Amino acid sequence: MATPNVYFEITVASKPAGRITFRLFDDVVPKTARNFCELSTGQNGYGYKGSRYYPPGGDFAKHNGTDGRSIYGQSFLDENFTLKHERPFLLSMANSGPNTNGSQFFITTIATSWLDGKHCVFGEVVEGRELVKQIEALGSGYGAPKETVVISNCGTL
């Protein structure tokens, strides 16, 4: 059975900003897609709902872009690097080195080939690309966005 699309409702500075919808590449990276999907539904008692997006997103543990955990434990192994960071709006796992995938993720806004072989691409933005660009425009030189960006709600479609 195919993994359903996942959505994030986003607030910026506590105001509704819109929705981002992702298609997950579960045919290529099923374990990574399942992790993201289940963290989006919160079915394991924890997940993305209410967490801040720095980037990366997905730190629902410390809420500062430095932590998180997977549905498989604190972290899980790199599934594969078949898909490349060849275009904008790809969804990829953030990590702190080989085989340290947890819950953190990022969305590419340009082709980022230097990340190939280091981060696992596992989905793409299918709706909400303008919102992704708006969030990117909130970036700062030190990592945290200029405004608070929160995944206020999330789940599957």
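Helices (H or I, at least four residues) and strands (E, at least two) are DSSP runs, numbered from the N terminus. With that in hand I read off the order from the N terminus on, β-β-α-β-β-β-α-β, which comes to two helices and six strands.

Notes on the source: this is a predicted model, where local features need pLDDT of at least 70, side-chain atom pairs count only at pLDDT 80 or more, and totals for chains, interfaces and linings use all residues. Residues are numbered from 1 along each chain as its sequence is written, and side-chain values use heavy atoms, with hydrogens and water left out.

Next I looked up burial (buried means under 20% relative accessible area, exposed over 50%, partly exposed in between; 1.4 Å probe, protein chains only). Of the 157 residues in the chain, 47% are buried.

I found 38 residues in it, and Phe 8, Ile 10, Phe 22, Leu 24, Phe 36 and Phe 105 touch the most other members. Among the elements that each supply at least two residues of this core are strand E1 (6-12), helix H1 (30-41) and strand E6 (149-156).

What does Phe 8 contact, leaving aside its neighbours within four places in sequence? I noted partners including Phe 22, Phe 36, Tyr 48, Phe 105 and Cys 154, with contact meaning heavy atoms within 4.5 Å.

Last, Gly 42: I found it in the loop between H1 and E3. Gly 42 counts as partly exposed because its relative accessibility is 31%. Its C-alpha atom is 8.6 Å from that of Cys 154, 112 residues apart along the chain.

Definitions and conventions:
A nonpolar core is a set of buried Ala, Val, Leu, Ile, Met, Phe, Trp, Tyr and Cys residues joined through side-chain atoms within 4.5 Å.
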